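Work through the following exercises with the coordinates open, and compare each step with the solution given.

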Amino acid sequence: MSEQRTAGVRDVARGVAWRSIHNFLTNPAFLVPSLLFPLFFFVSFAGGLAAIGEVPGFDFPSGYTAFQFVFVLLQSAAFGGVFTGFAMARDFESGFGRRYMLAAGHRSGIVLGYALAALFRAFVTWTVLSAVALVAGMEIAGSGGEILALYALAVLVNVAATMWAAGVALRVRSIQGGPLMQFPVFLVLFLAPVYVPLDLLSGWIHAIASINPVTAMLEAGRGFISGDPVLVIAAFAMGLVLSVLFALWAKGGLRSAEAGG
Amino acid sequence: MSSSLGNQVGQLARRSIVRTLRQPAQIVPAIVFPLFLLAVNTGGLKDATSLPGFPTDSYLTFILAVPFIQGALFSVMNSGTDLARDIETGFLNRLALTPLRGAALLSGLLAGATVLGVVQAVAYLAVGLIAGAEMAAGAGGALVLVLLSVTITVAFGTIGLFAALRFGSGEAVQGLFPVFFVFLFLSAMTLPLDLLTTDWFHAIASVNPVTYLLEAIRSLLIEGWNLGDLALGFGIALAIGAVGMTAASSALKSRLVRT
């Protein structure tokens, strides 16, 4: 019975993921912003703020390009999830989501399918972003394992953001819920040490960044790329806890969508 | 509707203003989002003032110019989306049956953007000054700053009108937002032009008109009265407005012929 259920969830997830990925790859309106936004941020931050690397007290060993690459990587991971939430909301607004609900024997597979599509979107973006960063001369001091750990952290960010956005999309079931998916993610990302390390922040932004869960992930990611890992356990624990909490939030959204017909 | 141009503009301006004021979803993000980024950038980048050659010891004063441009970018979306909705709902077709002049339609539609521009400029300036930013040009400078900001907002608004008339779709207008953000991102937004140490970035920022709009605003905040920077800023804004209005007029003619 349990095996049957797993197979059912897997089939639904595969179908939903395939359609979502197909839409993403064949519609330039979805594909282009996903690729361009992170690149614009990377180019703007790494190119326009390079002089920040000369600020007294800024001693990131791999240079400012690598410092910003980690932020943009995690940001694109998060927004890959949010954009997938948009697709989900659009599907429910157009009535396609309702057809999913009627057709799927195991509805948790719907959320899983969108999550797989979000991960695929993120991988496409990361491939382009990483290639651009390397061409731009980004220095990587971390080992292969450390770089893998950086991308694993980004996967956790992607899963957490997708689950957050799915929970909103399934409750609101309209693209009008877009700002609600996007703004909190934007807020929590930019209230972390984006431009300089935590130690160089002061005042209110230091206080907020110190308790912001993204800070630990960002600092761990920067530690990985510079070959000097810090806050590794805290960062992965934070990523896992957020993923589980938002998965429960998405599950509640699924119940809400079921109740809403 | 009377056929006098003033009356036509007045009627459409009133409609545009009322429609803007009735849409908090247009006003709130246009004010809150730039102020949020102002706060984050000020907190995160204030150490930049220790770089040799940085023009002020207050990063807040330096970065306060950015919300004015970001707010103007929202004007592209707002004016364009409103007109696109008029096209999509057939309202423009109905207007085409009246003796309405094209100039009246375009000027009237920009009234909402103008009012929002004033509200935005006053809000950014008030929040900036309360937070501790300096205004080197004094009270007169504040007035000129609001005037410059509104000029930029209206200029960008004409591009929104052109996009709406050319494409006839709100979604297409929304799609322009990232394109315009690129201009902001590839400018001397977060550091002065002289401190952009990456060669290619410096080259792009040097030819990006947004850099000079920012410098005009910054001149009032940081230096006082720099007539050269101000003239360049107003000149660029007026040029963008003239190009946008010409393109929008041409697109309007094509659209009215098409409909």
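**Exercise 1.** Determine how helix 7 of chain B and helix 10 of chain B are oriented to each other.

*Solution.* In this predicted model, local features need pLDDT of at least 70, side-chain atom pairs count only at pLDDT 80 or more, and totals for chains, interfaces and linings use all residues. Residues are numbered from 1 along each chain as its sequence is written, while chains are lettered from A and ligands numbered from 1 in the order in which they are written.

Step 1: take helix 7 (residues 138-167) and helix 10 (residues 209-223) of chain B, helices being DSSP runs of H or I with at least four residues, numbered from the N terminus.

**Exercise 2.** Identify which residues of chain A are in contact with A:Leu74, leaving aside its neighbours within four places in sequence.

*Solution.* Step 1: apply the criterion that the C-beta atoms of two residues, placed from the backbone, lie within 7 Å. Step 2: the partners of A:Leu74 are then A:Ala154, A:Val157, A:Met217, A:Leu218 and A:Gly221.

**Exercise 3.** Describe the side of chain A that touches chain B.

*Solution.* Step 1: 25 residues of chain A are in contact with 22 residues of chain B. Step 2: helix 2 (28-48) and helix 8 (203-211) of chain A each supply at least two residues of this side, and the largest share, eight residues, comes from helix 2.

Note on methods
Axes are lines fitted to C-alpha atoms, for helices over the stretch in contact, and angles run from 0 to 180 degrees between N-to-C directions. Angles under 35 degrees count as roughly parallel, over 145 as roughly antiparallel, 65 to 115 as roughly perpendicular and the rest as oblique.
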